[in-house]
Each structure stands twice: as structure tokens, then as C-alpha cells.
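Welcome! Please take a moment to turn the model around on your screen before you read on.

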Amino acid sequence: MSYQVIARKWRPQKFDEVVGQQAVTRTLRNALASGRLAQAFVFAGPRGIGKTTTARILARALNCVHGPTADPCGTCDACLEIAAGRDIDVLEIDAATHTGIDNVREVIISGLSIRPARDRYKIFIIDEVHQLSMQSFNALLKSIEEPPPHVIFMMATTELDKIPETVLSRSQVYEFRAIGTKAIAAKLRDIVDAEAIEIADESLQLIARDAEGSMRDAQTKLDQVIAFTGTTIGAGDVATVLGLVGRDLLFDAVDAVADEDAPAVFRLAGQAVEAGYDLRAVCRELSRLVRDLLVVSIDPGRLSDPEIAAESERDRMKSLADRFSREDLLRAFDVLTRAETDIRAAAQPRHHLEMAFLRWIYLRKLVPIEDLIAGASGPPAARAPAPAARPVPAPGRAATISGSASQQPDAAAAARVRPAPAAVATPAGGAAEDRLKDALLAEIRKAKVVFYNTVVAQAQRIDVSGDRVTFTFSANHRTLREMFDQNRAFVESAAQQVFGRRVAVAAVQNGQVAESAAAAEPPEDGAVRQRKSALREQALADAGVQAVLDVFPAEIRDVEEM
């Protein structure tokens, strides 16, 4: 007897043997048990998941000598002939070769009135029905809606959207789903055990994963691997025969990115080219690995899922997941999927893969803005150590610093040099002014980190001279200067606390003369001004007011006692 491929030899013969389609098989079994059978069925879904097989089983269930029954015997003439595809009353039609209306009239419509020769029902199984022409569908409408009582239509398709709504509305539609990797691997294990084939679960997982939800594809690939290796199969044999990207190469590539080892990623890209891998497949498998790492990062319990990692890979998967943030993995997934698309039409695919690796490495250097804000407002002990001491400017010159927040000393250093307000004397020399300025900036950052980062840190220059502090903004930063003016009272209060005396605070732009704070204020009675100043300081010290000012760029223009 000639050899029969695994996909045909192990084709399900009962509803219980259909893998991964419990909703469909249960509904059909219940319909058979209750006698509520439709005149037309549409089975839709991806390739190789059991649509035509289910149609055949349903045909056997309807025409079995013990039927209609949900469990056909499999031994009567009707069951055996339907399984072999030679039952005269069960016609399997390929729509691709009978697409025209003349074929449909001749093969289907003309014979509807003729009763079955032997079986209970005359059944038409139309495979890939979406390939029929629109005229053929229109010719079938009346037959599908009101067929003779002995006729049942079963239509299978991989493209449900191409079937007219007029046909779907006259039929019961069952949508089949892709089969899970775990279910495919379990079925393959049953097959290899029965066929006396030695193969590890890890190798079966590779085959099941490469089948992408199709049981027939998985069985065909298993047949191919057995033909190559014989009765003993290793993971390397599976990767070689099916052209799969080696898992070690994928893990090494992610390790190199985590180490920011650019030479290593170039070397690994070369290895992928020398091994003859399709570089699109490399990007696709890397995307899948990145997705698995993200799943493990979010839900560590999924590490034991064989669809995520084989048992031998779990330790390495866990260690890699700990080395990447979730934001890194999301960005990496975007980079790799974009690289796969670019490689499709690239003249030099290797270059795109190498650039994708480098882009992934440099994207890891990005720091979320929340971390920057948290680092700026966190406790002094949690921040980076203060930078090294800078050269002391010459005496008599106003101290100047850059507006970059990263160049400011931390609050701890400022606290160490801040004198008590009651004991502050007039500073002498540029070094003392520099220390007071640093203490003032630390105080502003501690009280209003958002105001500090968005406005104060953008100043080009900050000068301390006697009883005046001047913040200089660039000529195109008018908005920042206006925001500073709105918070001038707060800055003056902070300066008075640090300096131990009243200090004038001014904000200017390049090319403008600084206006003193006193000149900017309207003339006011001394006692009233002193009272309002005390009320303003009390309001600024309130935690609720500070929270509002941190969120909104607002200003306390006036304070009244209630």
C-alpha cells in the first residue's frame, strides 16, 4: 500500500477528535441531538484548522445507518465511503474549478430534485466557496434558502468577507479559530508516540510555533522533519529543515543590546546572513521574543507557559526581562516590526537589520520625563552626588551659571552651605555670592520643581550682585520671562529666606535693562504693603496652594483676609 501522509492518516473522524474548535463541535452535536438542523452551513476560518474535516464528519453523522447521530459509527458503508471521499450522495466540489454559473447549474442545481441513491441526505460540500462568481452565488440563492428536504449545503471558506451577505443570511455561519500552540504540540505528541518517533517537547514546540495556528501545516512540517532525520529528531534538525531562526542567536542578539555591545550586534547580523536566514524572519522572531519578554515583565507567572519559553530557556528569559524596562520593549517592538517592513523591499537587507539593532541600543538611553521629574524632586539621598567644585570666579564679578538643570548642585549641598537666616552677613566676594545663588536655586527646586524645570532652569544667566538677583532669558523667551514675573513674589520670598534680608528679584531678556522688583510694584502704603506681604507668605506656605501652583502656571496677584 502506498504511503499516506500524516495530515491524511491522522485526519479526525469524530467531533471529539477535532482540536481547538470546541464551540463549533458542541453546537453541531447539540443540533444533531435535538434535530434542529439548518439547510445550509458556512464554515469560515484560516487554513488547516478543520473546516472541511468538520463538514465531512457532519455528513457522516447525518447519513450514518445509526443516525442522524452526534457519534457516527465509522464502520457502516456510508461512514467509510464518506471518509474515503467516494460516496455518491456526498459531493465535494472545488469552487475554484466550478466558478462559472454554467458549472453550478450542471453540477448542483440540475440534480437537486433527484433523491439520494442510498443515503438519508444528498449533501454538497463546496470548498473555497468564496471563489464562485457573483452570478453563481445569485443562482444558488433560491436553492440555499429553500432546498428540497433531502438536500443540505456545507460551504467552507478562508475569506468570509468575499461571500455575499445574501448567502450568509440564508446560512448558519460557524467561524473557526486558529489553534493554540499548546494544543498543536499536544496533538503532535500523540502522533509521534503512536508512530514511535523520538522527539523532545522543545522540538515539537518549534514545529507548533512555526505552524502559526494551522494543524495541517504542523503535521506537514512534522512529516518533512521525519523524512530528513528518521525516527530520532533533535531541535537542531527541526531548525535546519524548516529554516527556523536559531533561538540561541535571538537570545544572543537581545543580550548584546542589553549590554549595549554594538560590535556584537554587527557580528550577530553577519552570522544570520551566513546561516542563510531570511532577515525578515529574523526580525519577526525577534519581535516575538520581545513580545514574550514584555509578557513576562508584566506577568511573571507566564514564564512557565510553553508558548512563551521552553523549559531550558526560562532562566535566560527571566534574566533578560529584568534588564529591560517595559518602555524599552515597546520601543524595540516598533523598531523591529518597522525593520521587517523595510527589509522586504531593501537592496541591502543586512544594513537595515544592523541599523535596527543600533537604533534599539540608542533608544534605551532615553529617560522617561516622569523619572527626570522624580529625580529632581526626590530626597537628596536618592539623587546623584553633587558635581565637582567649579573654579571660583574673580572677586567683584557677578556669579554666572548655565540654565541647565543638570548643572545645578543638589539640595543636600545647598543645605550644607545655607546659613541660618538670623546669622547671615553681607557676603563678600564672588565665591560667597555663588554659594548663595546655589542655595536659592536649591530652595526654588525644592518648593516648586515644575516651575524650576520649566522656567528657572531655562535662564541663560543668573546674576547675584549685592541685594539684587537678576535672571536673564534669551530674546525669544518672552513667555518664560512673563511666567517668571507671575511667580516673582514666590522667588522673592525664597530669596529672603536664603539671604536673611529683603532682596530685589528681576527678570530681563537679552538687550533689555533689568527692572527692579520695587519699581514694578505700584506705590502702596507701608503698613498695608507689610500686611499683604505677610498674608502672601502665609498663602505661599500653604501645601494646597503650592500643589495648585506646581500644576498650573498661575500667580497670586493679591491676597485678602477673609
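The report below walks through sheets, helices, a few single residues and the nonpolar cores.

This is a predicted model, in which local features need pLDDT of at least 70 and side-chain atom pairs count only at pLDDT 80 or more, while totals for chains, interfaces and linings use all residues. Residues are numbered from 1 along each chain as its sequence is written, and side-chain values use heavy atoms, with hydrogens and water left out.

**A parallel sheet and its helices**

Let us begin with an open sheet of five strands, whose order is β2-β3-β4-β1-β5 and whose pairing is parallel. Strands here are DSSP runs of E with at least two residues, helices are runs of H or I with at least four, and both are numbered from the N terminus. Two strands pair if DSSP finds at least two bridges between them. At the edges sit β2 (90-94) and β5 (172-175), each pairing on one side only. From one strand to the next, the twist averages 15°; such angles run from 0 to 180 degrees between N-to-C directions, with axes fitted to C-alpha atoms, for helices over the stretch in contact.

Strand β1 (residues 40-44) runs parallel to β5 and is joined to it by four bridges. Here Ala44 has Glu175 of β5 as its bridge partner.

Two helices pack on this sheet. Helix α2 (residues 22-34) touches β1 and β5, and its direction makes about 145° with that of β5. Helix α3 (residues 51-63) touches β1, β2, β3 (122-127) and β4 (151-157), and its direction makes about 165° with that of β4. Touching, or contact, means heavy atoms within 4.5 Å.

**Strands around β9**

| Strand pair | Sense | Bridges | One partner pair |
|---|---|---|---|
| β8 (residues 461-465) and β9 | antiparallel | five | Ile462 and Phe471 |
| β9 and β10 (residues 504-509) | parallel | six | Thr470 and Ala506 |

β8 and β9 form a hairpin with two residues between them, and Gly466 in the turn has a positive phi of about 65°. Why is β9 (residues 468-473) largely enclosed by the rest of the structure? Five of its six residues are buried, so the strand is largely enclosed. Buried means under 20% relative accessible area, exposed means over 50%, and partly exposed lies in between (1.4 Å probe, protein chains only).

**A few single residues**

Thr53 lies in helix α3. With a relative accessible area of 10%, Thr53 is buried. Beyond its neighbours within four places in sequence, Thr53 is in contact with Arg11 and Pro12.

Most residues other than glycine have a negative phi. Glu128, in the loop between β3 and α6 (134-145), has a positive phi near 50°. Glu260 is not a glycine either, yet its phi is positive at about 55°. Glu260 lies in the loop between α12 (247-258) and α13 (262-274), and it counts as partly exposed at 38% relative accessibility.

**The nonpolar cores**

A nonpolar core is a set of buried Ala, Val, Leu, Ile, Met, Phe, Trp, Tyr and Cys residues joined through side-chain atoms within 4.5 Å. Which residues have the most contacts inside the largest core? They are Phe41, Leu58, Ile123 and Met154, in a core of 50 residues. Helix α3 gives the largest share of this core, six residues. Leaving out residues up to four places away in sequence, Phe41 touches several others, including Leu28, Leu58, Ile152 and Tyr174. A second, separate core has 44 residues, among them Leu249, Val257, Leu286 and Phe357.
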